[in-house]
Amino acid sequence: MDIQEFIENFAAQFDDTDEALFTAETKFKELDEWSSLTALSIIAMVDDEYDVIIKGNDITNSDTIQELFNIVVKKHK
Amino acid sequence: METNYNPFSLAGKTILVTGASSGLGQATAIACARMGASLVITGRNADRLQETFDQLGDESATQILADLTVKEDLERLLAALPHLDGAVLCAGNSTTLPLQFGSREKFDEMFEVNFFAPIELLRLMYKKKVLNKGASVVLIASIGGTHSFMPGNGVYGASKAALNSVMKYAAREYASRKVRVNSICPGMVDTPLIHRGTITEEQLAEDAKRYPLGRYGHPEDIANGALYLLSDASSWLTGHDLVIDGGFSI
């Protein structure tokens, strides 16, 4: 599983945020565009792309994209 | 003054409740039994169905383990059913998914459980005359898809809207046998269905505050609506979608 690809998939769930702002260390919930619907889209994207079911709490408990990626990797095994 | 006046009594009625192993179905089955009905309950989980059965306090009740999306199970259920005076079709599922992820596969999964399974059961109960003349059928729909359109609820809401639509057609057609068909459209009710983690507990607690009556529904709030629709108190009511949602959709 590739973090760069994950970041791209993650960024694709946003419409108005500059792509350059998305890195492994991005604190995604601090982005202006972040909303509960974005959270649902991230959960659905992870299911679609990685066949992994993450929960709302996994998002709540992650500050950075890297932290969420780590959860997805762990659940993928 | 007559003291035992009770137009909501279900004494002498035989009633089927699907999805009785959990949530609304369980609460509805128990409420019907307390109102004097003879119950036939069905669900997919043997242990939890037994739990419901044990709470009915009725030795003559029947439990039938069945997954209504499986053709063989549906046929076995229909063959085992006694003549019914009422049915509450509670079995259902939900998903929270933005529409751009609502693939044909996701829609199919949701419609299979929430729409095709109950509609096929309803059709066959009527066709095979399992439903007595004057029987009352209650479909558990949702405010989602007809009265409320919250982001992320489209796939689920569409399945419930379809259910509400067929409910009205069935009410018109089945009236020839005086069979009544109504639905209940609940807002968010505190059942295992909403605690699967896609929405966090904190988000649920926040959402509940948006209900004018200040809380999510209890399963009993919905079960009591079903009692009314099943009883002779609603003899002149058919084709109605009864919204029970703490005022959310106002």
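**Entry 1: the core.** I began with the largest nonpolar core, which has 79 residues. For such a core I took buried Ala, Val, Leu, Ile, Met, Phe, Trp, Tyr and Cys residues joined through C-beta atoms within 7 Å. Buried means that 20 or more other C-beta atoms lie within 10 Å of the residue's own, exposed that 12 or fewer do, and partly exposed is in between, with C-beta atoms placed from the backbone. The residues with the most contacts inside this core are B:Ile15, B:Val17, B:Ala29, B:Cys32, B:Leu39, B:Leu89 and B:Ala226.

A note on what I am reading: this is a predicted model, where local features need pLDDT of at least 70 and side-chain atom pairs count only at pLDDT 80 or more, while totals for chains, interfaces and linings use all residues. Residues are numbered from 1 along each chain as its sequence is written, and chains are lettered from A and ligands numbered from 1 in the order in which they are written.

I then picked B:Cys32 and asked which residues it touches, not counting those up to four places away in sequence. I found B:Leu10, B:Ile15, B:Val17, B:Ala37, B:Leu39, B:Leu227 and B:Leu230. Contact here is C-beta atoms, placed from the backbone, within 7 Å.

**Entry 2: strand β2 of chain B.** Next I turned to β2(B), residues 38-43, and found 6 of its 6 residues buried. Helices (H or I, at least four residues) and strands (E, at least two) are DSSP runs, numbered from the N terminus. In a regular strand the side chains alternate between the two faces of the sheet. I checked both faces of β2(B): B:Ser38, B:Val40 and B:Thr42 are buried on one side, and B:Leu39, B:Ile41 and B:Gly43 on the other.

Then I looked up the pairing, which takes at least two DSSP bridges between two strands. β2(B) runs parallel to β1(B), residues 14-18, with 4 bridges joining them. I noted B:Val40 as the bridge partner of B:Leu16. Right-handed means that, with the strands pointing away from the viewer, the path from the first strand over the helix to the second runs clockwise.

β2(B) is also parallel to β3(B), residues 62-65, again through 4 bridges. Here B:Thr42 stands opposite B:Ile64. With helix α2(B), residues 46-56, these two strands make a right-handed β-α-β unit.

**Entry 3: B:Leu24.** I went back to helix α1 of chain B for B:Leu24. Is this residue buried or exposed? B:Leu24 is buried because 27 other C-beta atoms lie within 10 Å. Leaving aside neighbours within four places in sequence, I found it in contact with B:Cys90, B:Ile140, B:Val189, B:Thr191, B:Pro219, B:Ile222 and B:Ala223. B:Val88 is 64 residues away along the chain, and its C-alpha atom is 10.0 Å from that of B:Leu24.

Entry 4: For the expected span of a helix I used 1.5 Å times one less than its number of residues. The 21 residues of α5(B) should span 30 Å, so the 29 Å between its end C-alpha atoms agrees. Its buried residues, including B:Tyr156, B:Leu163 and B:Met167, pack against α4 (104-127), β5 (131-140) and β6 of chain B.

The 15 residues of α2(A) should span 21 Å, and the end C-alpha atoms are 21 Å apart, which agrees. Among its buried residues I listed A:Leu40, A:Ile42, A:Ile43 and A:Val46. Their cover includes α1, α3 and α4 (65-76) of chain A.

**Entry 5: positive phi.** Most residues other than glycine have a negative phi, and most peptide bonds are trans. I stopped at A:Asp51, which is not a glycine but has a positive phi of about 55 degrees. A:Asp51 is in the loop between α2 (36-50) and α3 (56-60) of chain A, and counts as exposed because it has 9 other C-beta atoms within 10 Å.

B:Lys178 gave me another positive phi, near 60 degrees. B:Lys178 is in the loop between α5 (154-174) and β6 (180-186) of chain B. With 13 C-beta neighbours inside 10 Å, B:Lys178 is partly exposed.

**Entry 6: between the chains.** Last, I looked at where the chains meet: 11 residues of chain B are in contact with 11 residues of chain A. On the chain B side I noted 5 nonpolar, 6 polar and no charged residues. Ala, Val, Leu, Ile, Met, Phe, Trp, Tyr, Cys and Pro count as nonpolar, Asp, Glu, Lys and Arg as charged, and the others, Gly among them, as polar.

Technical notes:
Two residues are in contact if their C-beta atoms, placed from the backbone, lie within 7 Å.
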